[in-house]
Amino acid sequence: MKLLEGKITVVTGATRGIGREIAEEFARQGATVIFTYRSSVEKAKELEDTLTGYGATAESYQVDAGDLEGIQKMADEIFAKYGQVDAIVNNAGITQDNLLLRMTEEQWESVIQTNLNSIFYMTKAFLKNMLRKRTGSFINISSVVGITGNAGQANYAASKAGMIGFTKSLAKEVGSRNIRANVVAPGFIATEMTDALPEKELEKWLTNIPLKRPGNTKDVADLCVFLASDMSAYITGQVLNVDGGMVMN
Ligand code: NAP
């Protein structure tokens, strides 16, 4: 049985890493997948082909997660074409690491804009129509760093912690209309984002993971499938860690 048969889903930042795996897994589970990206045009085309190869309907939008107008336009087009949206994964995210004393205003603002303001924009753009349909699941990809903090990542940790407060508030506001909102907090997941880490930093992370391995993108995608599916119908306002046990709340 396919868990997302007939569902219309939107995934931001899906041309590589975790977002790509979520898009692929959603397609394999029978969903229509509309995904966004910022700059990787070739990779987006290739992903569309891969998704349609699974038998899914797939479409991509080149729209910056921090561009409210662009997102509103996309949302209007999606509702006009598909009539409803069942699940939204806010995955697009960046890092601009620096110790606080050296962190520039630009590094602070670009991370807050892409990681946090984008959640507000996406929710604003899609919520009204979802409320009318009385169905929908928001899945916001945060990070364990938003729970624990991390030296050199004050901007990133603030953006990821902000997503948690935002999501819980949203869950409280829209629960009565059958709209759910949850946070997925990945730990150390092997992607291009983490490839950039120095060897020593990598060892430090692994020491603190009870399951003694980095996560893979499918570990995160599987949880997103669950949250987008009707199997999670009574779960809202939660922060679910996918981190091999690294952070125990
Ligand atoms: P990644 O490999 O760097 O991929 C990021 C994706 O987001 C790319 O497809 C990129 O598209 C897109 N993107 C970046 N900025 C964008 C923008 N302004 N507008 C639209 N799309 C944008 O990242 P990842 O490691 O898969 O991480 C995905 C999410 O998981 C992020 O939110 C990250 O914070 C979170 N996370 C990751 C880890 C980890 O260990 N990897 C751990 C915890 C949380 P373009 O190529 O077109 O720019």
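The ligand sits in the largest pocket of this predicted model. A pocket here is an open set of points on a 1 Å grid over the protein atoms alone, with protein on both sides within 12 Å along at least five of seven lines; a molecule sits in it if more than half of its atoms lie within 2 Å of its grid points. Local features need pLDDT of at least 70, side-chain atom pairs count only at pLDDT 80 or more, and totals for chains, interfaces and linings use all residues. Residues are numbered from 1 along each chain, and side-chain values use heavy atoms, without hydrogens and water.

**Ligand shell**
- The shell has 30 residues (a heavy atom within 4 Å of the ligand), and Thr-15, Arg-16, Ser-39, Ser-40 and Tyr-156 come nearest.
- Helices α1 (17-28), α6 (154-174) and α7 (192-195) each supply at least two shell residues; helices are DSSP runs of H or I with at least four residues.

**Polar contacts (N or O pairs within 3.5 Å)**
- Polar side-chain atoms lie 2.6 Å (Arg-16) and 2.5 Å (Ser-40) from an oxygen atom of the ligand.
- A polar backbone atom of Ile-189 is 2.9 Å from a ligand oxygen.
- The protein buries 97% of the 900 Å² that the ligand exposes when taken alone (Shrake-Rupley, 1.4 Å probe).

**Aromatic pairs**
- The whole structure holds three aromatic pairs (ring centres within 6.5 Å).
- Phe-79 and Phe-126 form a tilted pair, 5.7 Å centre to centre with 55° between the planes; stacked means under 30 degrees, edge-to-face over 60, and tilted the rest.
- Phe-79 lies in α3 (68-82) and Phe-126 in α4 (105-133), so this pair ties together parts 47 residues apart in sequence.

Notes
A polar contact is a pair of N or O atoms within 3.5 Å; within protein, one must be able to donate a hydrogen and the other to accept it, and residues adjacent in sequence count only if both atoms are side-chain atoms. On a 1 Å grid over the protein atoms alone, a cavity is a set of points where a 1.4 Å probe fits but cannot get out, and a pocket is an open set with protein on both sides within 12 Å along at least five of seven lines; lining residues have an atom within 4 Å of a point. Rings of Phe, Tyr and Trp (its six-membered ring) pair if their centres lie within 6.5 Å; planes under 30 degrees apart count as stacked, over 60 as edge-to-face and the rest as tilted.
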